[in-house]
Amino acid sequence: MEKETQCRKSHHSEASKKDLTTRLNRVEGQIRGIKGMIANDVYCDDIITQLAASQAALNSVARILLDGHLKSCVKERLLEGDDEVLDELVVTIQKLMRK
């Protein structure tokens, strides 16, 4: 029961955090640009192209996070005998595949 109430945290290196933040800042800029394109009545296909690029960038962040999650959090919990992490992982992967 203690594991359920315990606050879980990830274990990202400073370099990893910086990389993820840089990628997310870029996505944030892309989204602001898309909002401007809509406000300026830019051709729909051009906006859709930028949306696809933003989604690809977010997917890249998700892949990096999933990779780290598998190699640290999931591995650590499995070594501790916590097989519930596998159910959690399945749900997480299902969320990523809903796109």
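Leaving aside neighbours within four places in sequence, Ser 54 is in contact (heavy atoms within 4.5 Å) with Val 27, Gln 30, Ile 31 and Ile 34. Ser 54 has its place in helix H3. Is Ser 54 buried or exposed? With a relative accessible area of 2%, Ser 54 is buried; buried means under 20% relative accessible area, exposed over 50%, and partly exposed in between, using a 1.4 Å probe and protein chains only.

A word on what you are looking at: this is a predicted model, in which local features need pLDDT of at least 70 and side-chain atom pairs count only at pLDDT 80 or more, while totals for chains, interfaces and linings use all residues. Residues are numbered from 1 along each chain as its sequence is written, and side-chain values use heavy atoms, with hydrogens and water left out.

Helix H2 covers residues 14-39. At 1.5 Å a residue, its 26 residues should span 38 Å, and its end C-alpha atoms are 37 Å apart, which agrees; the expected span is 1.5 Å times one less than the number of residues.

Which residues of H2 are buried? They are Leu 20, Val 27, Ile 34 and Met 37, and they pack against helix H3 (44-79). An α-helix has 3.6 residues a turn, so residues three or four places apart point the same way.

## The loop at Asp 41

Between H2 and H3 there is a loop that holds Asp 41. Phi of Asp 41 is near 55°, a positive value in a residue other than glycine. Asp 41 is exposed, with a relative accessible area of 70%.

## The chain as a whole

Stepping back, the protein chain has four helices and zero strands, in the order α-α-α-α along the sequence. Helices (H or I, at least four residues) and strands (E, at least two) are DSSP runs, numbered from the N terminus. The C-alpha trace spans about 55 × 30 × 20 Å along its principal axes. The radius of gyration of the chain is 18 Å, whereas a compact globule of 99 residues would have one near 13 Å; the radius is taken over C-alpha atoms, and the globule rule is 2.2 Å times the number of residues to the power 0.38.

Of the 99 residues, 15% count as buried. Among contacts between residues at least 6 apart in sequence, 56% join residues at least 24 apart.
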